[in-house]
Amino acid sequence: MAMNYSEKVMDHFTNPRNVGEIENASGCGTVGNAVCGDIMRVYLDIDDDGVIQDAKFKTFGCGAAIATSSMATMLVKGKTIQQALEITNKAVMEALDGLPPVKVHCSLLAEEAIHAALWDYAEKNGIHIEGLEKPVSDIGEHDHGHDLGEDEEDE
Ligand code: FES
């Protein structure tokens, strides 16, 4: 079965934006998926008004994970914390013109990594971010709905 990746996915995979680290980041979050073994780390630079000035990522993972981290970091830049929280994995996928079903979990990793970085920021500053739940470090535990193609259950 050929994987149909959109042009945008291919573009962000071959030419990812915002790769790197932010020194002394306001918030940094790392999440992984034990099932596929992919790991994503997101760094956020948040100013005193709660606006995300910069976002960078490092992803050790598949092409879709790289493309979704690239797009997710682009989408949160310039946004307030509340606006960034509204950027779901669905929004990231839509911005990439979709992902093949077996790659949906890669976009969840991107959403969760942003949340983890926001959580870290909140903890460092002793604040509560409305609507933000404590992120999990392994999204694989929450990912039973997606067949990764490794075990042959037909669902
Ligand atoms: S993040 Fe696991 S295969 Fe893409």
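**Close-up views of a predicted model**

Of the 155 residues of the protein, 39% count as buried (20 or more other C-beta atoms within 10 Å of the residue's own; exposed means 12 or fewer, partly exposed in between, with C-beta atoms placed from the backbone). This is a predicted model, in which local features need pLDDT of at least 70 and side-chain atom pairs count only at pLDDT 80 or more, while totals for chains, interfaces and linings use all residues. Residues are numbered from 1 along each chain as its sequence is written.

**View 1. The protein has five helices and three strands.** Helices (H or I, at least four residues) and strands (E, at least two) are DSSP runs, numbered from the N terminus. Along the sequence they follow the pattern α-β-β-β-α-α-α-α. Of the contacts with a separation of 6 or more, 63% are between residues 24 or more positions apart; two residues are in contact if their C-beta atoms, placed from the backbone, lie within 7 Å.

**View 2. Three strands form an open sheet in the order E1-E2-E3, with antiparallel pairing.** Strand E1 (27-33) and E3 stand at the edges with a single partner strand each, so one side of each has no neighbour in the sheet. From one strand to the next, the twist averages 15°. Two strands pair if DSSP finds at least two bridges between them; E1 and E2, which run antiparallel, are joined by seven. Asn33 stands opposite Asp38 in E2.

View 3. Axes are lines fitted to C-alpha atoms, for helices over the stretch in contact, and angles run from 0 to 180 degrees between N-to-C directions.

**View 4. Helix H2 covers residues 63-76.** At 1.5 Å a residue, its 14 residues should span 20 Å, and its end C-alpha atoms are 20 Å apart, which agrees. The expected span is 1.5 Å times one less than the number of residues. H2 is followed by Gly78, whose phi is positive, near 85°.

**View 5. H2 is largely enclosed by the rest of the structure, because 12 of its 14 residues are buried.** Among the buried residues are Ala64, Ile66, Met71, Leu75 and Val76. The buried residues of H2 pack against several elements, including helix H1 (7-14), strand E2 (38-46), strand E3 (52-60) and helix H5 (104-125).
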